[in-house]
Amino acid sequence: MCGVVGIAGKSPVNQMLFDALTMLQHRGQDAAGIVTCHEGRLFLRKDNGMVRDVFHTRHMRALLGNYGIGHVRYPTAGSSSSAEAQPFYVNSPYGITLAHNGNLTNAADIHDDLFKTDLRHMNTDSDSEVLLNVFAHELQKCATLAPQPEHIFHTVKRVHERCKGAYAVVAMITGHGLVGFRDPNGIRPLIYGSRLTESGQTEYIIASESVAITALGFKVERDIAPGEAIYINDAGELFSHQCADDSRYRPCIFEYVYFARPDAIIDGISVYKARLKMGEKLAHKILREWGEQHDIDVVIPIPDTSRTSALELANTLGIKFREGFMKNRYIGRTFIMPGQQQRKKSVRQKLNPVELEFKGKNVLLVDDSIVRGTTCNEIIQMARDSGAKNVFFASAAPMVKYPNVYGIDMPAKAELIASGRSVDEIREIIEADRLIFQDIADLKDAVRTSKVPTVNEFDCSVFDGIYVTGDIDIGYLDRLEKSRSDLAKKQKDGYIDVNIDAASVDLSGIKEG
């Protein structure tokens, strides 16, 4: 999962891009990058780390220009090397930089085609570089002295025809304009906004979430539709076009469960309201399965993403809601940690229990989801150590049984605690006294809203094993598991990275900030 932003401004955009990436930091804490354009020259700064650590004053001053794109990453494909931090760049045609959120499911096949047929070289294992080269190759075929909107839209159409999977993309064509487009299923979110300058000119922003738009004082215009592309040229004119022959809304439902900020609006749906409904639905399931004599004394969320659902669950049940864990906000998301031991260690560093909320009570802990189960076990033990009489556990999401192939780092089926296990078997492993999961039908109903009838289907593949792109089989999942399991990542980290770090060299006119 990653966050992307692009700005077509009328004044320097370096600070705006920095601020937008800070608003999207929750979508990726592994690496960050910004590239800007000034008088036909590109200025790049990217490296591993949080936004605040990657960009210092000297870097910001060097990021010149009124157009630019940015990216925050945590890696699901390729390696965690800073050489694979985005944005990526190719010099022909025009000079194109690109940032991508998602995952191409046919990246390996396209990689071979690009090398053998299109005669293009790629320097990393990143599927984002594959996508960039497809875009560049197709645009090259219709290149003129200056690209026209119809050239851009034909290029995106060809990208849709060649690339499968999930992708929300911002790209900058040096000296010509800014492009944003989304895969035909709309799996990953992308939205754009505008604002008027004091002189009456219009500036545009494209971002993964609405929060990055509103925080900068832009007005949200609308979500980019599945399969659609928008193009803002160097004169500040905006063009849009549906570039896919067959498109429909099937966004990833895990965006609403976990990844997006609660104050975000994705495809017209409030993430906050969806999470409230998740809590309400889960409360009704508790009443059905555990009865009104459920013996719960207090509901405690596992911060932060489960707080909204836990609050509404407590209100529906008429039970006290309490903050039982204090969070150290300087520790990253444990879901994103690369290894089990690192995740386990970070839980104790990240959360500290308030003992008086546990002592002698039957506690219901509410989390947004259970993926590997490592953190659940640690948190339940912390509750017991703090004097809880019984520890019940509730997941606002259904059982995560299947790997994700669309850009979320849960690829190895063997590492998913719910894979091949019953609820009671999971309960025993995490050592809870009771355990309950959301039903998938209730989750869908929680996200759906009559105000947005076009969004009726979702990618729920991690829960039901149905992959909306229709190109995933057992062989693909086996290969994915071998390449992206915790063990595979450890082995990859053990190798010396011989890639040239694009964050520290000047290549083809891209100057480090």
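Trainee: Is Asn-48 buried, partly exposed or exposed?

Mentor: This is a predicted model, and in it Asn-48 counts as partly exposed because its relative accessibility is 33%, which lies between the cut-offs of 20% and 50%.

Trainee: Where does Asn-48 sit?

Mentor: Asn-48 belongs to strand E3, which covers residues 41-48.

Trainee: And how far is Asn-48 from Gln-86, in sequence and in space?

Mentor: The two are 38 residues apart in sequence, and their C-alpha atoms are 10.0 Å apart.

Trainee: What about the chain as a whole: how many helices and strands are there?

Mentor: The chain has 17 helices and 23 strands. Of its 513 residues, 60% are buried. Among contacts between residues at least 6 apart in sequence, 71% join residues at least 24 apart.

Trainee: Let us turn to helix packing. At what angle do H4 and H5 cross?

Mentor: Helix H4 (residues 107-116) and helix H5 (residues 127-141) cross at roughly 50°, and their axes come within 10 Å. H4 is therefore oblique to H5. The crossing of H4 past H5 is left-handed.

Trainee: Which residues make that contact?

Mentor: H4 contributes Ala-107, Ile-110, His-111 and Leu-114, while H5 contributes Asp-127, Val-130, Asn-133 and Val-134. By type, the residues of this contact are five nonpolar, two polar and one charged.

Trainee: How do H9 and H14 pack?

Mentor: Helix H9 (residues 271-290) and helix H14 (residues 440-447) have axes 8 Å apart and pack at an angle of about 145°. H9 passes H14 in a right-handed crossing. On the H9 side the contact involves Ala-274, Lys-277, Met-278, Lys-281 and Arg-288, and on the H14 side Asp-442, Leu-443, Asp-445, Ala-446 and Val-447.

Trainee: How do the residues of that contact divide by type?

Mentor: The contact of H9 with H14 has five nonpolar residues, no polar ones and five charged ones.

Trainee: A change of topic: how many disulfides are there?

Mentor: The count is zero.

Trainee: Is Cys-460 buried or exposed?

Mentor: Cys-460 is buried, because its relative accessible area is 1%, and the cut-off for buried is under 20%. Cys-376 is also buried, with a relative accessible area of 2%.

Note on methods
Residues numbered from 1 in each chain as written. Predicted model: local features only at pLDDT ≥ 70, side-chain atom pairs only at ≥ 80, totals over all residues. Heavy atoms only, no water. Disulfide = S-S within 2.5 Å. Buried < 20%, exposed > 50% of the residue type's maximum accessible area, 1.4 Å probe, protein only. Axes fitted to C-alpha atoms, helices over the stretch in contact; angles between N-to-C directions. Helix = DSSP H or I, 4+ residues; strand = E, 2+ residues; numbered from the N terminus. Parallel < 35°, antiparallel > 145°, perpendicular 65-115°, else oblique. Left-handed = near helix turned anticlockwise from the far one by under 90°. Contact = heavy atoms within 4.5 Å. Nonpolar A, V, L, I, M, F, W, Y, C, P; charged D, E, K, R; others polar.
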